[in-house]
Amino acid sequence: MSDNFPADKDWNAAEHRAKVLSDLPEQLSQADVERAMGQLDVSRATLFRWLKRFREDGRTSALLPIPRGPRRGMQPLDPDVEAIVSRLFKDLYATRRKPTKTRFWGEVAADCKDLGLAPPSIRRLGRWLERHDQAKLMAKREGKDKAERRHLATPGTLTAEHPLNIVQIDHTKADVTVVDPVTRRPLGRPTLTVAIDVHTRMVLGFHLSLEPPSLLAVALCLTHAVMDKSHWFAARGIGTEWPARGIPKMIHVDNGAEFHAHAFKIACSEYQIDLQHRPPGTPRYGGHIERLIGTMMGAVHLLPGSHFSNIFERGDLDAEAEAVMTLRELEVWLALEITGSYHVRA
């Protein structure tokens, strides 16, 4: 995608269209067509035009509104109406009283009429509600515990019915020093960014760098996760196979700044990936990726230049003096460890 991001209202419209269209079966019935027309508030011709464009392209941005003037119902609310909606959302809808959307709309309409304002339609109000974080909204309406059970999961209960349903991504500082390929002088400990598929427990991809965790590292890790790795293996002289690849349906990440970057959110939305952040202070929600990282670092401790995980295991070992592997060699070693050892046990 371009660095010139679309306006929020346009992107929200495209996301709504993509959600409705992606739920449609391959062979449409009349009921499917009529329901989608109602959800999108469009004619039959427009529905099929959007569906054709979406299925050929596959990206959310294919459904961005074409700038020929705003469509009715998709414009921002009048500021005075927005103030009423926001106030009643906070004081009524997002509370444990849990009023229905119809009740919420009724209160909004009444307050608007009292001030001589045209109230929004219930459909327009529904679109306004869809812009909010549904997990946070459920926590306010039904309690934190129920929201976490619905939108999140602990390692013991987090399951995915199919491959690519849930992918977890995280970074770690590798417990080994790498050296310069020419001078053989120590360069430091690289950062490993890795992605794991929760259903299969297979590693989808990784990225190794001497830079700190970043959005670029996440992007390169995901690129590795999505791509056919046969050419990548051939370029490194690796003879094993790595069949795991594809676009995730959901990504679980922690609260690092790179995972909250606007560009990352837009990129996930572009490919209809549901991005979920781990609640602060709840490391149990990253159980699968944490176990993978622990396993990888345990294997790394067998390499020359390992720092081990604590000072008692390290003793008087000088890791930098022992280091012999370059970044590229460590990358190849990790690929062999993943495909030749970890995937066999997973």
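**Entry 1: Glu34 and the H2 side**

I looked up glutamate 34 in this predicted model and found it in helix H2, residues 30–40. Is glutamate 34 buried, exposed or partly exposed? Its relative accessible area is 48%, so I noted it as partly exposed, given that exposed would need over 50%.

Next I checked how H2 packs on helix H3, residues 44–57. The axes of H2 and H3 come within 10 Å and cross at roughly 95 degrees. The range for roughly perpendicular is 65 to 115 degrees, so H2 and H3 get that label. From H2, I listed Gln30, Val33, Ala36, Met37 and Leu40; they meet Arg44, Leu47, Phe48 and Trp50 in H3. By class, the H2 with H3 contact has seven nonpolar residues, one polar and one charged.

**Entry 2: two positive phi values**

Most residues other than glycine have a negative phi. Aspartate 41 has a phi near 55 degrees, a positive value in a non-glycine residue. I placed aspartate 41 in the loop between H2 and H3. Its relative accessibility is 35%, so aspartate 41 counts as partly exposed.

Lysine 98 is another entry for this list: its phi is positive, about 50 degrees, and it is not a glycine. I found lysine 98 in the loop between H4 and helix H5, the latter spanning 101–114. With a relative accessibility of 40%, lysine 98 counts as partly exposed.

**Entry 3: Glu82 in H4**

I moved on to glutamate 82, which has its place in helix H4. Its relative accessibility comes to 24%, so glutamate 82 counts as partly exposed; the buried class would need under 20%. Which residues does glutamate 82 contact, once neighbours within four places in sequence are left aside? I got Leu77, Trp128 and Arg131. For tryptophan 128 I also took the C-alpha distance to glutamate 82, and that is 9.6 Å across 46 residues of sequence.

**Entry 4: aromatic pairs**

Tryptophan 128 sent me to the rings. I counted eight aromatic pairs. Phenylalanine 89 with tryptophan 128 is one that I wrote down: 5.4 Å centre to centre, 75 degrees between the planes, edge-to-face. Phenylalanine 89 is in helix H4 (residues 79–93) and tryptophan 128 is in helix H6 (residues 122–130), so this pair ties together parts 39 residues apart in sequence. I checked burial as well, and both phenylalanine 89 and tryptophan 128 are buried.

I then took the pair of phenylalanine 233 and tryptophan 242. Their ring centres are 6.0 Å apart and the planes are at 55 degrees, so the pair is tilted; edge-to-face would need over 60 degrees. Phenylalanine 233 is buried, and tryptophan 242 is too.

Which residues do ring pairs link into a cluster? I traced Phe89, Tyr93, Phe104 and Trp128.

**Entry 5: Ser269**

Serine 269 was next on my list, and I found it in helix H11, residues 262–270. Is serine 269 buried or exposed? Its relative accessible area is 7%, so serine 269 counts as buried. Not counting residues up to four places away in sequence, serine 269 touches Trp11, Glu15 and Thr60.

**Entry 6: H12 on H15**

I looked at helix H12 (residues 287–300) against helix H15 (residues 327–345): the axes are 11 Å apart and the packing angle is about 120 degrees. The roughly perpendicular range runs from 65 to 115 degrees, so H12 and H15 are filed as oblique to each other. I have the crossing of H12 and H15 down as right-handed.

On the H12 side, Leu292, Thr295, Met296, Ala299 and Val300 take part; on the H15 side I have Trp333, Leu334, Glu337, Ile338, Tyr342 and Arg345. I sorted the contact of H12 with H15 by class: eight nonpolar, one polar and two charged residues.

**Entry 7: whole-chain numbers**

The protein chain has 15 helices and seven strands. Of its 346 residues, 45% count as buried. Taking contacts in the protein chain with a separation of 6 or more, I found that residues 24 or more positions apart account for 63%.

Notes:
Residues numbered from 1 in each chain as written. Predicted model: local features only at pLDDT ≥ 70, side-chain atom pairs only at ≥ 80, totals over all residues. Heavy atoms only, no water. Axes fitted to C-alpha atoms, helices over the stretch in contact; angles between N-to-C directions. Helix = DSSP H or I, 4+ residues; strand = E, 2+ residues; numbered from the N terminus. Parallel < 35°, antiparallel > 145°, perpendicular 65-115°, else oblique. Left-handed = near helix turned anticlockwise from the far one by under 90°. Contact = heavy atoms within 4.5 Å. Nonpolar A, V, L, I, M, F, W, Y, C, P; charged D, E, K, R; others polar. Buried < 20%, exposed > 50% of the residue type's maximum accessible area, 1.4 Å probe, protein only. Phe/Tyr/Trp six-rings, centres within 6.5 Å; stacked < 30°, edge-to-face > 60°.
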